[in-house]
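Colleague: I have just opened this one and would like to go through it slowly with you. Could you take my questions as they come?

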Amino acid sequence: MRSIGSLLQFAPQGSYGHRVHVRGVVTYADHGKSLWIRDQTQGLRVHTRQADVLQPGDVVDVLGFPNRGDYTPVLQDAVFQKRVSGPPPAPIKLPDAPSALNFDAALVNVPAVINGQQSTADGWAFLMEGDGLNFRALLRLGPGQAPPAGWLAGSRVRVTGI
């Protein structure tokens with residue numbers, strides 16, 4: 001078993017091809033597509049077609065092929081097995097939104113201001129600004145559901161997400 005922080009540590013140019021085993025706590029699962037886990041070293045996005053239902057806090061063993069992601073490693077063609085259920089993980093509370101750029105694939109909580117919102121195919125996208133960093137936050141809702149009425153442009157919020 002490897003720590004997430006050790007993935008690709010000794011092969012930055014990419015001689016991948018060997019499956020690795022990691023264990024982590026689920027921070028988010030998009031069933032049949034991806035899941036995000038974290039261990040004591042960092043977070044990791046896992047690409048999987050496995051559609052087993054997972055909840056934040058579940059501990060999973062994952063086997064997959066490491067590859068370079070946009071900022072940190074990802075696991076591709078992965079399979080997983082749930083070991084136990086646990087409480088949902090607490091986000092890493094950060095002082096400002098730009099700090100989140102140092103925590104790719106991790107569950108973070110940052111302060112921001114809502115600048116606008118728009119409907120998407122799977123919920124609502126909120127246009128946010130935090131200390132000069134503009135970003136989108138997706139709130140997944142069922143078809144036809146509206147976001148909470150109090151979520152208005154100009155509102156100061158703390159956003160939790162990956």
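Colleague: Let me start with Asp-77: is it buried or exposed?

Modeller: Asp-77 is exposed, with a relative accessible area of 60%, where buried means under 20%, exposed over 50% and partly exposed in between, using a 1.4 Å probe and protein chains only. Please keep in mind that this is a predicted model, in which local features need pLDDT of at least 70, side-chain atom pairs count only at pLDDT 80 or more, and totals for chains, interfaces and linings use all residues. Residues are numbered from 1 along each chain as its sequence is written, and side-chain values use heavy atoms, with hydrogens and water left out.

Colleague: Okay, and where is the place of Asp-77?

Modeller: Asp-77 sits in strand β5; strands (E, at least two residues) are DSSP runs, numbered from the N terminus. Its phi is positive, at about 45°, although Asp-77 is not a glycine. Most residues other than glycine have a negative phi.

Colleague: Which loop holds Asp-131, and what is its phi?

Modeller: Asp-131 lies in the loop between β8 and β9, and its phi is also a positive value, near 50°. Asp-131 counts as exposed, at 55% relative accessibility.

Colleague: Switching topic, what does β1 pair with in β4's direction, and over how many bridges?

Modeller: β1 and strand β4 (residues 59-68) pair in the antiparallel sense over 6 bridges, two strands being paired if DSSP finds at least two bridges between them. Within that pairing, Val-25 stands opposite Val-59 in β4.

Colleague: And how many bridges join β1 to β2?

Modeller: There are 5 bridges between β1 and strand β2 (residues 34-38), which run antiparallel, and Ala-29 has Leu-35 in β2 as its bridge partner. The hairpin of β1 and β2 has 3 residues between the strands, and Gly-32 takes a positive phi near 80° there.

Colleague: Now the largest pocket: how much space lies in it?

Modeller: About 1,500 Å³, a volume being the space filled by probe spheres set on grid points that are joined across faces, edges and corners. On a 1 Å grid over the protein atoms alone, a pocket is an open set of points where a 1.4 Å probe fits, with protein on both sides within 12 Å along at least five of seven lines, and lining residues have an atom within 4 Å of a point. Of the 39 residues that line the largest pocket, the closest to its centre are Arg-136, Ala-137, Leu-138, Gly-161 and Ile-162.

Colleague: Which element gives the most to that lining?

Modeller: That is β9, with 8 residues.

Key
Helix = DSSP H or I, 4+ residues; strand = E, 2+ residues; numbered from the N terminus.
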